[in-house]
Amino acid sequence: MVKIFDDWRSVLHFLAPIPLIVKPIVLLAVTILFICIELAEKEDFDTFAGDLIEWCLGVYTGFALILLFKFFI
């Protein structure tokens with residue numbers, strides 16, 4: 001069963017991509033690096049999937065914040 005936000009690193013997985021939204025090429029590079037590091041940890045698939053979901057939620061949150069800022073400014 002995939003668990004999200006199950007440890008302290010989950011908060012980092014969520015918050016890390018938010019400031020990277022400003023520079024999409026940096027976001028892409030860091031996302032690739034994140035996936036490589038997660039694969040190198042050799043955790044089970046459920047843990048990997050949960051970490052990836054947390055990362056994606058952070059990316060989506062960052063994009064939503066950018067759109068909100070553009071809408072209100």
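**Close-up views of a predicted model**

**View 1. Val2 in the segment before helix H1.** Val2 lies in the segment that precedes helix H1 (8-15). The model shown in this and the other views is predicted. Val2 counts as partly exposed because its relative accessibility is 36%, which falls between the 20% limit for buried and the 50% limit for exposed.

**View 2. A nonpolar patch on the surface that includes Val2.**

**View 3. Helix H3, residues 45-72.** Helix H3 has 28 residues. From its first C-alpha to its last, H3 reaches 40 Å, close to the 40 Å expected at 1.5 Å a residue.

**View 4. The buried residues of H3.** Phe48, Ala49, Gly50, Asp51, Glu54, Trp55, Gly58, Val59 and Gly62 are buried in this helix. Their cover includes H1 and helix H2 (24-40).

**View 5. Leu27 in helix H2.** Leu27 has a relative accessible area of 9% and is therefore buried, the cut-off being under 20%. Leaving aside residues up to four places away in sequence, Leu27 touches Pro17, Leu20, Ile21, Val59 and Phe63.

**View 6. Leu27 and Ala16.** These two residues are 11 residues apart along the chain. A distance of 9.8 Å separates the C-alpha atom of Leu27 from that of Ala16.

Note on methods. Residues are numbered from 1 along each chain as its sequence is written. This is a predicted model: local features need pLDDT of at least 70, side-chain atom pairs count only at pLDDT 80 or more; totals for chains, interfaces and linings use all residues. Side-chain values use heavy atoms; hydrogens and water are left out. Patches are made of residues with over 30% relative accessible area and no salt bridge: like charges are joined within 9 Å, nonpolar side chains (Val, Leu, Ile, Met, Phe, Trp, Tyr) within 5 Å. Accessible areas come from the Shrake-Rupley method with a 1.4 Å probe; for residues, only the protein chains shown count as cover. A salt bridge is a side-chain nitrogen of Lys or Arg within 4 Å of a carboxyl oxygen of Asp or Glu. Helices (H or I, at least four residues) and strands (E, at least two) are DSSP runs, numbered from the N terminus. Buried means under 20% relative accessible area, exposed over 50%, partly exposed in between (1.4 Å probe, protein chains only). The expected span of a helix is 1.5 Å times one less than its number of residues. Contact means heavy atoms within 4.5 Å.
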